[in-house]
Amino acid sequence: MLRIALAATLLASPLAAAETKEQSCRYQADVVAAVQKARLDRVKERDVPEAVAEAGPTWPENYNAAIPLITPWVYEQKMRDIRKKDLGAAWMELCLQQ
């Protein structure tokens, strides 16, 4: 949970004038979903940043800094939760509440 708060805090730093909180939360949720997909694809934890980069992220480059922070949290989850839960949606909900 500390990693989530840390990542959210880092990413919530001054937003570009054109970027709303909702957009920022969406980008963060997209990062979480990409890491979750890497886990489902059985990518080794240490290889996640490279695998996500190869997939062609759809978020601004500065959000890549969250990948090393989010990856351990995703990889700590039980595989049944990774298969059944939408971690990106959960992240989005938590982010919007902050």
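These are my notebook entries on a predicted model of one chain.

**Ground rules.** I number residues from 1 along each chain as its sequence is written, and side-chain values use heavy atoms, with hydrogens and water left out. As the model is predicted, local features need pLDDT of at least 70 and side-chain atom pairs count only at pLDDT 80 or more, while totals for chains, interfaces and linings use all residues.

**Fold.** I looked up the elements and got 6 helices and 0 strands. Here helices (H or I, at least four residues) and strands (E, at least two) are DSSP runs, numbered from the N terminus.

**Burial.** Of the 98 residues in the chain, 37% are buried. Buried means under 20% relative accessible area, exposed over 50%, and partly exposed in between (1.4 Å probe, protein chains only).

**Core.** I checked the largest nonpolar core next, and it has 23 residues. Such a core is a set of buried Ala, Val, Leu, Ile, Met, Phe, Trp, Tyr and Cys residues joined through side-chain atoms within 4.5 Å. Among those with the most contacts inside this core are Val-35, Trp-73 and Tyr-75. Helix 2 gives the most to this core, with 6 residues.

**Val-35.** Which residues is Val-35 in contact with, leaving aside its neighbours within four places in sequence? I found Val-48, Val-52, Ile-67, Ile-70, Thr-71, Val-74 and Tyr-75. Contact means heavy atoms within 4.5 Å.

**Arg-46.** I placed Arg-46 in the loop between helix 2 (21–40) and helix 3 (48–54). Arg-46 counts as exposed because its relative accessible area is 67%. Its C-alpha atom is separated by 8.9 Å from that of Pro-68, 22 residues apart along the chain.
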